[in-house]
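Here is a short report on pockets, cores and aromatic rings. Have the model open as you read.

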Amino acid sequence: VRGADHGVAIAAGTALAKRLGNLPPNICTPSYLARTAQKLARENKNLQTRVLSEVEMKRLGMHSLLSVTAGTREPAKLIVMQYKGKAGQAPVVLVGKGVTFDSGGISLKPGPGMDEMKYDMGGSASVFGAMKVLAETQPKINVVAVIAAAENMPDGGASRPGDIVTTLSGMTFEILNTDAEGRLVLCDALTYVKKFDPAAVIDLATLTGACIIALGNHATGLLANNDELANELLAAGERAGDRAWRLPLWDEYQSQLDSNFADMANIGGRPAGTITAACFLSRFAKDYRWAHLDIAGTAWHSGKAKGSSGRPVPMLVDYLMSHAGK
């Protein structure tokens, strides 16, 4: 019976991820995601939700995340959900990219297919799905979810190529392409989560088109600074039928992010685009075990089957459940 209950919960969590992904971007805004998190907490007493406003983020120094939202009227939100299932245990932290629409900003995307950029919050949708499963199955594990929710639009206040921005960590970057914005909302979140003293941090993001070129639509790209964590996620993906493939995160790739004017550039050129995006994030994740899931190819289907896939909720839940009670 317990196995059946888990199956039903995973199906419900995946369905929530798909529903959020499929919502139009005029409905599913950062504020909508924040309200969804608050509703989830109201319905489940074992979940707590806190939402940070742009004013609070600015006070903290999250100028990277706020640089993405500078060109839109939709206020950004940093959504923090906590599930507490085991006293005294260091939490697993899930960080979701929640870009509810990505026009590319000043580095505007081509028109055809831009409607699919409503799916650029697929990482956050999967985090919502996983938290719903935890709330319903109540495993003995502590999990914190942090969703960096923003919209990337081009108006007179938008960030420009050539701008230099200071992150929450204090490191600076030069914007060479405003369409490489996912890493900019994630890097401040990755710095923020240090406060939870995490056992592990897993970020999920529809981050790079390069990942679709590398792996197609079948495998999620996985990069990590810890072999044990990477292998556990790969094994969870195999068990759940929601597979990932590991790509290298070697130091040799880091130099592609060199900038003459800041600590780093926000892109590393065409070669190894998925890896250099993860290299950017890795600079903010040095203080803990960290894995990055690039779900650009797996979070949604194009063409006649257009729609959210709900991945990688099954992999994520399998990983979390395998650590429950330990």
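What volume does the largest pocket have? This is a predicted model, and its largest pocket has a volume of about 840 Å³. The pocket is lined by 35 residues, and Asp179, Leu207, Thr208, Gly209 and Ala210 are the closest to its centre. Elements that give two or more residues to this lining are β3 (92-102), α6 (182-192), α7 (209-215), α9 (273-282) and β12 (300-301). Helix α7 gives the most, with 4 residues. By type, the lining residues divide into 12 nonpolar, 14 polar and 9 charged.

Next, the nonpolar cores. In soluble globular proteins, nonpolar side chains tend to be buried together. Here the largest nonpolar core holds 57 residues. Leu20, Met81, Leu94, Phe128, Met131, Ile202 and Tyr319 touch the most other members. Helix α5 (residues 122-137) supplies the largest share of this core, 8 residues. Beyond its neighbours within four places in sequence, Met131 is in contact with Leu47, Met81, Gln82, Tyr83, Val143 and Ala145. Another core, of 47 residues, lies apart from the largest one; Val68, Ala76, Leu186 and Cys279 are among its members.

Now the rings. The structure holds 5 aromatic pairs, including the two tabulated here.

| Pair | Centre distance | Plane angle | Class |
|---|---|---|---|
| Trp250 and Tyr253 | 6.2 Å | 25° | stacked |
| Phe280 and Phe284 | 5.5 Å | 40° | tilted |

Trp250 counts as exposed, at 53% relative accessibility. Phe280 is buried at 0% relative accessibility, and Phe284 is buried with a relative accessible area of 5%. Phe173, Phe280 and Phe284 form one aromatic cluster.

Technical notes
Residues numbered from 1 in each chain as written. Predicted model: local features only at pLDDT ≥ 70, side-chain atom pairs only at ≥ 80, totals over all residues. Heavy atoms only, no water. 1 Å grid on protein atoms, 1.4 Å probe; cavity = no way out; pocket = protein on both sides within 12 Å on 5 of 7 lines; lining within 4 Å. Points joined across faces, edges and corners; volume = space filled by probe spheres on them. Nonpolar A, V, L, I, M, F, W, Y, C, P; charged D, E, K, R; others polar. Core = buried A, V, L, I, M, F, W, Y, C linked by side-chain atoms within 4.5 Å. Buried < 20%, exposed > 50% of the residue type's maximum accessible area, 1.4 Å probe, protein only. Contact = heavy atoms within 4.5 Å. Phe/Tyr/Trp six-rings, centres within 6.5 Å; stacked < 30°, edge-to-face > 60°.
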